[in-house]
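Subject: Structure handover

Dear colleague,

Here is the structure I am passing on to you. My notes on what was found in it follow below.

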Amino acid sequence: MGEFRPVADALAYLAGSWRVARTVRDLASGDEGRFEGVTLFSPLEGGGLLHEEAGTFTWQGVARPAERTLRFLPGSSAGTADVRFADGRPFHDLDLTTGRHLTDHPCSADLYRGEFTVRDADHWRTVWRVGGPAKDLVLTTDYVREG
């Protein structure tokens, strides 16, 4: 690790379709789940990208369809993004100009700590460490550009 690819414009880099593989580890119970699917970043009217993720989440041997939608809007400085939930609530900031970004998202009494790393033009990763009274999780997601 340790080698990251700087990205001048996060939104331009993310645009398009990505294959997604995510592991979810519950550090308290030792259980592990997996999500496999596709994330599409498509243009939003007025700027930014609509992030639509769909696939299958398997937890304790049970596979279920799963999806989520986020909005990646232009950030406060050139090349950055302001990530929001589908309903417009703030999620986190994103700055990939060094190829690596750390961010936090408080959620009730739990804290989500995210690390975003760009490996090359077609591979990036997120690692979210979730801690608090309700959760003790690590979510690791690898993205591979399609087509």
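A residue is called buried when its relative accessible area is under 20%, exposed when that area is over 50%, and partly exposed in between. Please keep in mind throughout that this is a predicted model.

Two loop residues come up first. Gln60 sits in the loop between β3 and β4. Its relative accessible area is 57%, so Gln60 is exposed. Although Gln60 is not a glycine, its phi is positive, at about 50 degrees. Ser108 belongs to the loop between β7 and β8, and its phi, near 55 degrees, is again a positive value in a residue other than glycine. With a relative accessibility of 80%, Ser108 also counts as exposed.

Next, the sheet. Ten strands, 10 in number, form an open sheet in the order β6-β5-β4-β3-β2-β1-β10-β9-β8-β7, and the pairing is antiparallel. The edges are taken by β6 (90-94) and β7 (100-107); each has a single partner strand, so one side of each is left without a neighbour in the sheet. On average, neighbouring strands of this sheet are turned by 20 degrees against each other, direction ignored.

One of the pairs can be followed in detail. Strand β9 covers residues 123-131 and strand β10 covers residues 136-145; the two pair in the antiparallel sense over nine bridges. In this pairing, His123 stands opposite Val144 of β10.

Val24 is a residue to look at in strand β1, which spans residues 16-26. Is Val24 buried or exposed? Its relative accessible area is 9%, so Val24 is buried. Neighbours within four places in sequence left aside, Val24 is in contact with Asp31, Glu32, Gly33, Phe57, Trp59, Val138 and Leu139. Ala10 is 14 residues from Val24 in sequence, and the C-alpha atoms of these two residues are 25 Å apart in space.

The largest pocket has a volume of about 390 Å³. It is lined by 20 residues, of which Arg68, Leu70, Phe91, Tyr112 and Trp128 are the closest to its centre. Which strands each supply at least two residues of this lining? They are β4 (62-74), β6, β7, β8 (110-120), β9 and β10. The largest share, four residues, comes from β4. Sorted by class, the lining of the largest pocket consists of 12 nonpolar, six polar and two charged residues.

The second largest pocket has a volume of about 190 Å³. Its lining is made up of Arg22, Val24, Phe35, Glu53, Phe57, Ala66, Glu67, Arg68, Tyr112, Leu137 and Leu139. Two or more of these residues come from each of β1, β3 (49-59), β4 and β10. Here β4 gives the most, with three residues. By class, the lining of the second largest pocket has seven nonpolar, no polar and four charged residues.

Kind regards

Notes
Residues numbered from 1 in each chain as written. Predicted model: local features only at pLDDT ≥ 70, side-chain atom pairs only at ≥ 80, totals over all residues. Heavy atoms only, no water. Pairing = 2+ DSSP bridges. Axes fitted to C-alpha atoms, helices over the stretch in contact; angles between N-to-C directions. Buried < 20%, exposed > 50% of the residue type's maximum accessible area, 1.4 Å probe, protein only. Contact = heavy atoms within 4.5 Å. 1 Å grid on protein atoms, 1.4 Å probe; cavity = no way out; pocket = protein on both sides within 12 Å on 5 of 7 lines; lining within 4 Å. Points joined across faces, edges and corners; volume = space filled by probe spheres on them. Nonpolar A, V, L, I, M, F, W, Y, C, P; charged D, E, K, R; others polar.
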